[in-house]
Amino acid sequence: MTTPPSRPGAERTDGSSVQIGALVPLTRPGWAEAGQHLLAGLELAVREVNDAGGIAGRPLELVVRDTAADPQRAAAAVDELAGLGVAALAGEYHSVVARAAATRADALGLPFLCSSAVLDALTEQPTKWVARLPPPQSRGWQVYADFLLAAGHSRIAVAAQPSVYWAAGTRILRDYLAPRGGTVTELDMSAFDATAGCDATAGCDATAVCDELADNRATVLLLLVGHPEPAVSIVKSVRRDQRLAKIMIGAPAGQPEFAEWATLLGDDSAAIPFLRYLPERLTPLGERVGTALREQLAAAPSFVAFEGYDTVAVLADVLRTDGVDRAARTADSWPRVAVEGTRGQIRFSRMPGISVWQWAGTPIQVVDRDPADLDRLRILHTG
């Protein structure tokens, strides 16, 4: 499989730069806007590291690879980047893609700091080579379930597409809600897609989904589906169905986080709660970084942009301390990390059921877009 070239000048073979391989989704079917925010954070941090003298006097450099949400493409990129001699890997947004990258990095003995993917089982077996910044899916989605229960919702319907990630989310919600009196009814979108003619670009007729919801007594519909389709079509159909006027739509995976969501849905984009990983107040570093990211992106930075920045901040600290040519020492450094990030102090530990080194203190919020101001995000719940 051919991996697209990195940006001009990104690859040097004379040893003058310290290279970090960056895995980001920049083209469809990847969530390109998420990839752009992730890359913006990575790039800003690299510039600041170099402005401060680099790594032991050597410039830090990103070698960027577009994963396009393709696990095989990501695994091939890991092989290529390892062959180029990168000191570490960073990035990736899509959980299934990050799992493929993490598995390959573990096999090659290449340190990988995952910026933004939450799937609990990033690797099948415990590994010393991989660490992660966002919370595991089980923790974040349990916080979301607590929000639903606190808001009086116990009958939940999920519109789910076939995927390891969506299946894990459904299982987490069902296992957490059942002992607390909640129920989860799954609407298999693969069956609806076949009859409605859903298309990733043209949208679909989600009438069948609405009919199923009308027959169900659920008070919440959660979108465990891809963006923009079929998520956008489902929201439009539900919002226009008078039978479903009282149902709440939710998107724990964060589809409404990015500006494209509001652009595609307009007023229908509001009041759809989702998870994001920001504190109520950023650190002083976070405030400064947020200002710089807003200028760089010409838009409000998402939490994903902050994850990108924090990724490089951690890796730069590790590389300064342990050297750039000792991959094993880098991997052994995860439990010793203590870095002030944009969202708090970052430390890694082992968590039950999680196979990688995990930042246990990641802040979690449930937020939505304000119907009165679509650019404003309202904090509804924290965990």
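Which residue in E2 does valine 18 stand opposite? The legends below begin with that pairing. The structure is a predicted model, in which local features need pLDDT of at least 70 and side-chain atom pairs count only at pLDDT 80 or more, whereas totals for chains, interfaces and linings use all residues. Residues are numbered from 1 along each chain as its sequence is written, and side-chain values use heavy atoms, with hydrogens and water left out.

View 1. Valine 18 stands opposite leucine 60 in E2, and E1 pairs with strand E2 (residues 60-66) in the parallel sense over seven bridges. From E1 the chain crosses through helix H1 (residues 32-51) to E2 in a right-handed β-α-β crossover, a term for a path that, with the strands pointing away from the viewer, runs clockwise from the first strand over the helix to the second. Strand E3 (residues 88-91) runs parallel to E1 and is joined to it by four bridges, with glycine 91 as the bridge partner of leucine 23. Strands (E, at least two residues) and helices (H or I, at least four) are DSSP runs numbered from the N terminus, and two strands pair if DSSP finds at least two bridges between them.

**View 2. The two faces of E1.** Val18, Ile20, Ala22 and Val24 point one way from E1, while Gln19, Gly21 and Leu23 point the other way. Seven of the seven residues of E1 (residues 18-24) are buried, so the strand is largely enclosed by the rest of the structure; buried means under 20% relative accessible area, with a 1.4 Å probe and protein chains only.

**View 3. The largest nonpolar core.** This core has 98 residues, and those with the most contacts inside it are Leu42, Leu60, Trp141, Leu222, Val314, Trp334 and Phe348. Helix H11 (residues 303-322) gives the most to this core, with twelve residues. A nonpolar core is a set of buried Ala, Val, Leu, Ile, Met, Phe, Trp, Tyr and Cys residues joined through side-chain atoms within 4.5 Å.

**View 4. The ring pair of tyrosine 93 and phenylalanine 258.** The two rings are edge-to-face, at 6.5 Å centre to centre and with 75° between the planes. Rings of Phe, Tyr and Trp (its six-membered ring) pair if their centres lie within 6.5 Å, and planes under 30 degrees apart count as stacked, over 60 as edge-to-face and the rest as tilted. Tyrosine 93 is buried, with a relative accessible area of 10%, and phenylalanine 258 is buried at 1% relative accessibility.

Technical notes:
Buried < 20%, exposed > 50% of the residue type's maximum accessible area, 1.4 Å probe, protein only.
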